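Good morning, and thank you for making time for this item.

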Amino acid sequence: MKKKFKAFVTYQNQNGDFENKISQKSISDLPEGDLLIKVEYSSLNYKDALSSSGAKGVTKFYPHTPGIDAAGIIIKSSNNHFNTNDRVIVTGFDLGMNTSGGFAEYIQVPSSWAVKCPDSLSTKDSMMLGTAGLTAGLCIEEIESHIAINNFRAVVSGSTGGVGSIAVKLLSLIGAKVTAITGKKNSDQYLYDLGSSEIIQREEFLDSTRLPLSKGVYNAAVDAVGGNILSSILANMQYNGIITACGNVAGANFSTTVFPFILRKNHLIGIDSATCPIPIREKIWNKFSTSWKLKNLDHICKVIDLSCLDKEIKKILDGEQVGRIIVRL
Ligand SMILES: NC(=O)c1ccc[n+]([C@@H]2O[C@H](COP(=O)([O-])OP(=O)(O)OC[C@H]3O[C@@H](n4cnc5c(N)ncnc54)[C@H](OP(=O)(O)O)[C@@H]3O)[C@@H](O)[C@H]2O)c1
């Protein structure tokens with residue numbers, strides 16, 4: 001084990017501004033935890049961009065190493081369920097929030113946060129999915145348990161982003177006809193390659209929706225965006241539709257009435273991947289390694305090292321990120 005290791009660290013300077021640097025850290029700098037893990041891959045999620053730019057309500061204390069995702073090999077374990085050399089996935093809980101995160105060569109965490117990496121997934125595969133994949137998987141798990149028809153219509157917002165891209169791929173794998181909502185003008189080919197059947201520009205979707213009830217079109221929705229897009233999705237659902245709400249890049253508030261619920265029996269389901277219980281995570285990761293195994297995931301992923309993270313963080317904050325950014329440690 002190295003005495004010193006590389007970590008991406010966010011510092012707050014004397015003017016109160018936040019800046020990121022690659023620094024040297026020691027194992028003794030890490031918080032307590034019964035698993036010491038050599039991180040092989042991490043991935044970039046929206047929350048990391050918030051943490052590394054000092055957004056309010058995310059990370060309280062700086063200097064801090066973000067990274068809500070990590071997959072790697074156990075170097076030291078004092079828990080009977082995990083052994084040295086086991087391959088594990090750690091996502092969410094407090095990792096990368098106020099606990100030193102996955103943008104570093106080592107993490108030390110409680111074993112209650114770890115899931116064994118399924119045999120047929122590499123640690124890289126697991127981070128191509130990461131929190132974005134787990135979240136999309138939790139949405140589709142809810143949809144699958146609700147939908148009783150085969151050829152259903154689904155709509156995905158923020159469709160070129162991390163959660164959105166994997167949601168489109170997974171919905172198309174399970175046989176849905178997927179409409180992708182996007183704010184990007186030049187991403188049609190990308191979205192068709194993921195499995196979308198139809199693409200709607202964000203503004204067109206908003207303009208063509210009559211609130212609070214429009215024509216009922218979709219049976220299922222994955223909303224990674226919130227705000228006025230969620231209001232419009234709710235208006236466009238068919239009778240007995242299911243809407244899984246997981247994001248808020250367009251805003252935390254949305255407006256609706258009781259009508260989508262009392263006239264169309266719609267179901268609005270909240271999704272949380274960060275504190276989701278371990279048995280549910282294990283179920284989702286196992287599905288990703290079997291019936292939900294996604295082909296060509298690498299086509300939507302860019303692999304970078306710590307030195308390129310700053311540039312990708314800016315893109316995600318500007319709403320310009322496409323697909324997934326994987327960090328190789
Ligand atoms: N609930 C959970 O457990 C959970 C887990 C993971 C993520 N999330 C949340 O899900 C959201 C997406 O996360 P992510 O990691 O997928 O982020 P991401 O990769 O940055 O994707 C977000 C996408 O949303 C669209 N978008 C960006 N700004 C927008 C705006 N102002 N209005 C409407 N659409 C906008 C863009 O796609 P288009 O250009 O294609 O529209 C963008 O690529 C975030 O709010 C994140 O916090 C929640």
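This is a predicted model: local features need pLDDT of at least 70, side-chain atom pairs count only at pLDDT 80 or more; totals for chains, interfaces and linings use all residues.

**The ligand and its surroundings**

At C246, a backbone N or O atom is 3.0 Å from a nitrogen atom of the ligand. At R202, by contrast, the side chain takes part: one of its N or O atoms is 3.0 Å from an oxygen atom of the ligand.

As for location, the ligand sits in the largest pocket. Which elements give two or more residues to the shell around it? They are α2, spanning 123–146, and α3, spanning 162–173.

The shell itself comprises 26 residues, of which T160, T182, C246, I271 and S273 come nearest to the ligand. Sorted by class, the shell holds nine nonpolar, 14 polar and three charged residues.

**Aromatic pairs**

I turn now to the rings. Searching the whole structure gives six aromatic pairs. One of them joins F18 and Y62 in an edge-to-face arrangement, with 4.8 Å from centre to centre and 65° between the planes. Why does this pair tie together parts that are apart in sequence? F18 belongs to strand β2, residues 18–26, whereas Y62 is in the loop between α1 (46–51) and β4 (69–77), so the parts brought together are 44 residues apart in sequence.

**Backbone details**

Y62 also leads us to the backbone. The peptide bond from Y62 to P63 is cis, with omega near 0°, and P63 is placed in the loop between α1 and β4. Another cis peptide bond links L211 to P212, where omega is about 5°. P212 is located in the loop between α5 (202–207) and β11 (218–223).

Finally, which residues have a positive phi without being glycine? F93 is one, with phi near 45°; its place is the loop between β5 (87–91) and β6 (106–109). N296 is another, with phi of about 55°, and this residue is found in the loop between α8 (278–288) and β14 (301–304).

That concludes my presentation, and I welcome your comments.

Terms used
Residues are numbered from 1 along each chain as its sequence is written. Side-chain values use heavy atoms; hydrogens and water are left out. A residue is near a molecule or strand if one of its heavy atoms lies within 4 Å of it. A polar contact is a pair of N or O atoms within 3.5 Å; within protein, one must be able to donate a hydrogen and the other to accept it, and residues adjacent in sequence count only if both atoms are side-chain atoms. On a 1 Å grid over the protein atoms alone, a cavity is a set of points where a 1.4 Å probe fits but cannot get out, and a pocket is an open set with protein on both sides within 12 Å along at least five of seven lines; lining residues have an atom within 4 Å of a point. A molecule sits in a cavity or pocket if more than half of its atoms lie within 2 Å of its grid points. Helices (H or I, at least four residues) and strands (E, at least two) are DSSP runs, numbered from the N terminus. Ala, Val, Leu, Ile, Met, Phe, Trp, Tyr, Cys and Pro count as nonpolar, Asp, Glu, Lys and Arg as charged, and the others, Gly among them, as polar. Rings of Phe, Tyr and Trp (its six-membered ring) pair if their centres lie within 6.5 Å; planes under 30 degrees apart count as stacked, over 60 as edge-to-face and the rest as tilted.
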